[in-house]
Amino acid sequence: MSRIVSQDVIVIGAGAAGMMCAAVAGQRGRKVAIIDHAKSPGEKIRISGGGRCNFTNRHASPAQFISANPHFCISALSRYTQHDFIALIERYGIAYHEKTLGQLFCDGSAQQVIDLLLSEMRRGDVDLHLSTKVEQVEKTSDGFLLKLSGGEEMQCHSLVIASGGKSIPKMGASDFGYRIAAQFGLGMTPTLPALVPLTFDDVLLKRLNALSGVAVQARVRHGRTSFEEALLFTHRGLSGPVILQISSYWREGDEIQVSLLPGQDAFALLRVAKADHPRQEPQTFLSTLLPRRLAADIVDAQKCTGKLADLSDAKLRALADAINDWRVVPSGSEGYRTAEVTVGGVDTNGLSSTTMETKAVPGLYFIGEVVDVTGWLGGYNFQWAWSSGWCAGKVV
Ligand SMILES: Cc1cc2nc3c(=O)[nH]c(=O)nc-3n(C[C@H](O)[C@H](O)[C@H](O)COP(=O)(O)OP(=O)(O)OC[C@H]3O[C@@H](n4cnc5c(N)ncnc54)[C@H](O)[C@@H]3O)c2cc1C
């Protein structure tokens, strides 16, 4: 019969949240094991931020998080803040810079963040098990019994689920956490790919294809939510930070509203141009405001031939609306294959917001992306992983 290894704490998932939790618990003197089915820890950290890991955001606050309960994240984010993580980065002498909008990236490589977490885990004597599958989880009278691949069994008092969301299955993402939530009777909010490029029907796609590679600063609105960042036309549809941001709010069938000239009134500008340069072609004028290919496409789509002087106010208005108020209905998204995160997840109603422990099953915790808390693009998702992981690590 195989020997059962006893731990105080088992963390499933050696990603951002799991490693933070394991390190904090280990440094408190708890006997901790962390298990991952992947060959290496922190694979998403490694590829994040284009290989430089946007590890937090200077301006992180609950306002940048999406959840069925927007108040849930307040406690964890205020107990372990971006300033705490920045201090940890600085303690390790990792050089970093602010790229834009408070987003902090390593100057060197995302591997430095993984190495920091591994070092913190070593300081806490955490036992790291890679390439290990959890076949079964059972509740026992004073904790949990785990059956692992290879026939090994482990038991623990506290079990922390840090297995992340569904995005990028090729990198080890699985629905494991959601299955454990279902096994223990926890609620779920619907899960969807988020921070993901949007796709379009064939007719529009043909047009977008011709613009592939064009980038422009844009404001994109969905209902009452809007973002102003770069928009990128691609051969698959629309992408760029502004599209990824709005994708977290977009639902199938919804329209998005795009201004390709944010903060400027295209109609007013066109009228002034018509008065000042009546012989100018609209495309020539718009090329002073927008990338040339995009200006040509808009003029073409609105069938605005001739000179500015030939265009009625109604024509100018239509042209201006195509710039300031372009309304499109995406047909879908690129899905979990390219999504950076999953919106939705384990219902926060079943969790303590200060410890992440489930209310129904004492000793069972959910942290990180598996929980129904999703950050905007810009370092917020890692901050949630650090904050929720730290809070659980302090009590398990
Ligand atoms: C391409 C890309 C770029 C990103 N860039 C950024 C960025 O720059 N800044 C930012 O804030 N966020 C970024 N994110 C989002 C961020 O990576 C995640 O929100 C964050 O990693 C979530 O942390 P987590 O610990 O909850 O989950 P993860 O980091 O996903 O870790 C989960 C771990 O659980 C393991 N696991 C899953 N299922 C099982 C199972 N059945 N058994 C055992 N182990 C299992 C996985 O192998 C993985 O190691 C990016 C995401 C992607 C995909």
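1. Let me start at the ligand: one of its oxygen atoms is 3.3 Å from a polar backbone atom of Asn 381, which makes this a polar contact (a pair of N or O atoms within 3.5 Å). Another such pair has a polar backbone atom of Gly 49 at 3.1 Å from a ligand oxygen atom. On its own the ligand has 990 Å² of accessible area, and the protein covers 93% of that (Shrake-Rupley method, 1.4 Å probe).

2. A word on the basis: this is a predicted model, with local features needing pLDDT of at least 70 and side-chain atom pairs pLDDT 80 or more, while totals for chains, interfaces and linings use all residues. Residues are numbered from 1 along each chain as its sequence is written, and side-chain values use heavy atoms, leaving out hydrogens and water.

3. Now the shell around the ligand. It holds 30 residues, of which Ala 17, Asp 36, Ser 174, Glu 369 and Phe 382 come nearest (a residue counts if one of its heavy atoms lies within 4 Å). By type, the shell divides into 13 nonpolar, 13 polar and four charged residues; Gly counts as polar here. Helix α13 gives the most, three residues (helices are DSSP runs of H or I with at least four residues, strands runs of E with at least two).

4. How many cavities of 30 Å³ or more does a search of the whole structure find? The search finds one. A cavity is a set of points on a 1 Å grid over the protein atoms alone where a 1.4 Å probe fits but cannot get out, and its lining residues have an atom within 4 Å of a point. The volume, the space filled by probe spheres set on the points, is about 40 Å³ for the largest cavity.

5. The lining of the largest cavity includes Arg 207, Phe 233, Asp 297 and Trp 326. Its residues divide into seven nonpolar, no polar and two charged. Helix α11 (residues 292–301) supplies the largest share, three residues.

6. Met 356 is buried, with a relative accessible area of 0% (buried means under 20%).

Conventions. On a 1 Å grid over the protein atoms alone, a cavity is a set of points where a 1.4 Å probe fits but cannot get out, and a pocket is an open set with protein on both sides within 12 Å along at least five of seven lines; lining residues have an atom within 4 Å of a point. A polar contact is a pair of N or O atoms within 3.5 Å; within protein, one must be able to donate a hydrogen and the other to accept it, and residues adjacent in sequence count only if both atoms are side-chain atoms. Buried means under 20% relative accessible area, exposed over 50%, partly exposed in between (1.4 Å probe, protein chains only).
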